[in-house]
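Dear colleague,

I am handing over the structure below, together with some notes on strand pairing and on the chain contacts. Please read them with the coordinates open beside you.

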Amino acid sequence: MISRVLVIGLDCLDPGLVERFLDDLPTLRGLIEAGEFRRLRSVDPPITVPAWMCAFTGRDPGELGVYGFRNRADRSYDGLRIATSAAFRARALWDELGEMGLRSIVVGVPGTYPPKPVKGLLVSGFLTPSTETTYTFPPSLKHRIAEIVGEYIIDVRNFRTQDKAHVIAEVHRMTERRFRLMEALMKDEAWDFAAFVEMGPDRLHHALWAHHDRTHPKHDPDSPYKDAIRDYYRFLDGWVGRLLDALPGDTQVIVMSDHGIQPMYGGIAVNEWLIREGYLALREYPREPARIDDLIARGLVDWSRTVAWGEGGYYGRIFLNVKGREPEGTVSPNEYDAVRRELAQKLEALTDEEGKPLGTRVLFPEEIYREVNGIPPDLIVYFGGLRWRSIGTVGKGIYWHENDTGPDDANHAPDGVFIASPPLAGRELSLPDIHDLILDLYR
Amino acid sequence: MEYDRVTLKIPRPLYERLKRVIEGTGFRSVNEFVVHVLRDLVAETGEDAALTPEEIRIIRERLRKLGYF
């Protein structure tokens, strides 16, 4: 009989890397031997926000109406809003458990700032602006956190740096403090459900992929950091072991991630491509590379001649400029499907600089979600199956091999990790299945 | 970063009633409860009104540096 559930969320922990490093991961190996290990299919897009909240609400991004960190709040051209906890209207697992009279400890789940009240404790996730804010529920919890770990590290500071030693040290420090906090809260509090998300794996993968991956074009075989990712997995394994040591035997343990990781080879400047294909018109082509948000804000997009525009990020989002929908729409609603299909075909046919197929995938929201709420992108684009990112900047060609936001050689892969001990699912799983899987244990 | 805060005035009988409403819940004060309810209300308009402009700036900058956009 299970008396409680602990979810150890490790953002971006990759199933392939877990398999590869397993001999060095005694805790995870023990959990797998006593339990279950399978790939956990992420949502589309496989991005931290909304992915974790999909797991904890049981809804897909369309149902939540949250398609990424920023979403269109209205049909204006510059109406992108950050998705805060307020954007997630669906009830989360801990809300439902609270109604059943059960207490939760929730730490670091992306999409929980500003914190909403829970029955139990909540420490908001990495979009917390700083520890100066009220980032906990109850608000007084933050003083206790300071007593337990000293300065609580919400996320890695100075992430975009060539100083890899700094990033590695900072990620380890952050991870250690989050695990120490969980250890203390789980020991001192009465709880029925505990869940936390540690961002460390994601940050290290992005910052150090080319050092780790011997097949990556930017790999330096002499890098002193080539084992940094493996070493970090071992470090994590040690901390997971330490947490488990303090747990009663009737705890259901789940170690999971929201997506995996894969090499990234470059970026496609989506707006540059749209301009060259005649879908996006500027009043004036920028002399210096300029971000699309700046061009829109400066009034440099000629909307009367624009069919579509796009946003950068780990995946591409393209919006059509539709008559009667956008303020200066040009695409009539009855052309919408044809224009969108034409764009999708062209994007999927896009090659790399040498003419080799990129393997780009284009998704339409109403075909992949159970419901479509809020304002989704009209096209969701995985350049090169996410081996290329989307770049919003105009003025520096279509193909990029340096990121417009700093060094980064990895992108998200659609499969995350699901480890449960004792075994729990016994079937294929996708992220939103996690909610019912856990709730059923309490029913 | 310190929050900008303003004081709102509500009728005392309402305040007393709210005090009873939050008894036994996780809310530690009427103030906390009212802020929660109001944030929830403005969230329905789909705006990130729950954040101050300074918070939005910090979060945007962080997301940009992390490569999310």
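**Strand pairing and the chain interface**

In β13(A), A:Leu320 is the bridge partner of A:Ala308. Please bear in mind that this is a predicted model. The pairing of β12(A) with strand β13 of chain A, which covers residues 316-320, is antiparallel and runs over 4 bridges.

These two strands belong to an open sheet of 4 strands in chain A, with the order β12-β13-β15-β14 and antiparallel pairing. Because β12 (308-311) and β14 (361-363) of chain A each have a single partner strand, they stand at the edges of the sheet, and one side of each is left without a neighbour there. Direction ignored, neighbouring strands of this sheet are turned by 25° against each other on average.

Elsewhere in chain A, strand β2 (residues 36-41) pairs with strand β19 (residues 415-421) in the antiparallel sense, over 6 bridges, and within β19(A) the residue A:Phe418 is the bridge partner of A:Arg38. β2(A) also pairs with strand β20 (residues 429-430) of chain A, here in the parallel sense and over 2 bridges; in β20(A), A:Ser430 is the bridge partner of A:Arg41.

As for the two chains, 32 residues of chain A are in contact with 27 residues of chain B. Sorted by class, the side of chain A that touches chain B is made up of 14 nonpolar, 9 polar and 9 charged residues.

Conventions
Residues are numbered from 1 along each chain as its sequence is written. Chains are lettered from A and ligands numbered from 1 in the order in which they are written. This is a predicted model: local features need pLDDT of at least 70, side-chain atom pairs count only at pLDDT 80 or more; totals for chains, interfaces and linings use all residues. Two residues are in contact if their C-beta atoms, placed from the backbone, lie within 7 Å. Ala, Val, Leu, Ile, Met, Phe, Trp, Tyr, Cys and Pro count as nonpolar, Asp, Glu, Lys and Arg as charged, and the others, Gly among them, as polar. Two strands pair if DSSP finds at least two bridges between them. Axes are lines fitted to C-alpha atoms, for helices over the stretch in contact, and angles run from 0 to 180 degrees between N-to-C directions.
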